[in-house]
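Biologist: I've got this chain open on my screen and would like to go through it with you. Can we take it piece by piece?

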Amino acid sequence: MHNLFDVSGKVVLITGSSRGLGFTYATGFAEAGAQVIVNGTTRGSVDRAVEKIQRTGGFAAGYPFDVTDSAQVERSVAQIEREMGPIDVLINNAGIHRRAPLAEMTVEEWRAVIEVNLNAAFIVARCVVAGMIERRRGKIINVTSLNAQAARPTIGNYCAAKGGLTMLTKAMATEWGPHNIQANAIGPGYFVTDMTRPLVEDAAFDAWVKGNVPLGRWGDPAELVGTAIFLASEASSYINGHTVYVDGGWRASL
């Protein structure tokens, strides 16, 4: 029987994949047989991530570039497609945090988060989609967040960026669907990562998360991989413009 979830051989570009959840996606796709393109801001971090994936028998190639710099993105996308072949799947994962109460947040802190978490997704997708339109096939997956729908103090910039990314996903789906391109999003809830480790170790915050998630626990990053592979595969060929929240049931309980 034909495997609808097969992503073997697909060229998958994952932004911000040299560490964190992005590296988890990269590892998962490599294990599934995809040709993974690792991206990060420095050559060293990208090379280390590529080496780790290759040590486990997966295929990975590294391309460091700044996702907010349109000229760099254009050059890098052209280089990737010249050297690795057409990009079949784009995962816009790159993101940052700059936490502060809104009344005290600097304009620079606001703009930095909007630039990386929202504007970069447009910049990279705009470059990649040209080839997808020509070939009449492609998958775009934007990594948004539970915080696109549920705000909390000190992350107003992040909430605004991820909310915007949710709507950008719908816009992509609407405009690029006629070219047989599916654009969807993944909205992670609370996962244990290097970035969230201080929150996990904060007893009050840990109890708050576990008390609000019906599954009663934080997510394991590996639990995001299946959703990403589903959205990157033929299995989701008629799913377009949706955000799949991987949150242990948080939104269901609101």
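**Contacts, core and pockets**

Biologist: Leaving aside neighbours within four places in sequence, which residues is Phe-23 in contact with?
Modeller: This is a predicted model, where local features need pLDDT of at least 70 and side-chain atom pairs 80 or more, while totals for chains, interfaces and linings use all residues. Numbering runs from 1 along each chain as its sequence is written, and side-chain values use heavy atoms, without hydrogens or water. Phe-23 sits in helix H1 (residues 20–31), a DSSP run (helices are H or I, at least four residues; strands are E, at least two; numbered from the N terminus). Its contacts (heavy atoms within 4.5 Å) are Ser-17, Ser-18, Ala-49, Lys-52 and Ile-53.

Biologist: Where in the chain is confidence lowest?
Modeller: The chain averages a pLDDT (the predictor's confidence in each residue, from 0 to 100) of 97, and 100% of the residues score at least 70. Strand E4 (residues 89–92) is highest, at 99, and the lowest mean, 92, belongs to helix H6 (residues 197–200).

Biologist: How much space lies in the largest pocket?
Modeller: On a 1 Å grid over the protein atoms alone, a pocket is an open set of points where a 1.4 Å probe fits, with protein on both sides within 12 Å along at least five of seven lines; lining residues have an atom within 4 Å of a point. Here 41 residues line the pocket, with Asn-93, Ala-94, Gly-95, Ile-96 and Met-195 closest to its centre. Points are joined across faces, edges and corners, and volume is the space filled by probe spheres set on them. That comes to about 850 Å³.

Biologist: And which residues are closest to the centre of the second largest pocket?
Modeller: That pocket holds about 260 Å³ of space. Of its 16 lining residues, the closest are Lys-10, Lys-139, Ala-232, Ser-233 and Glu-234.
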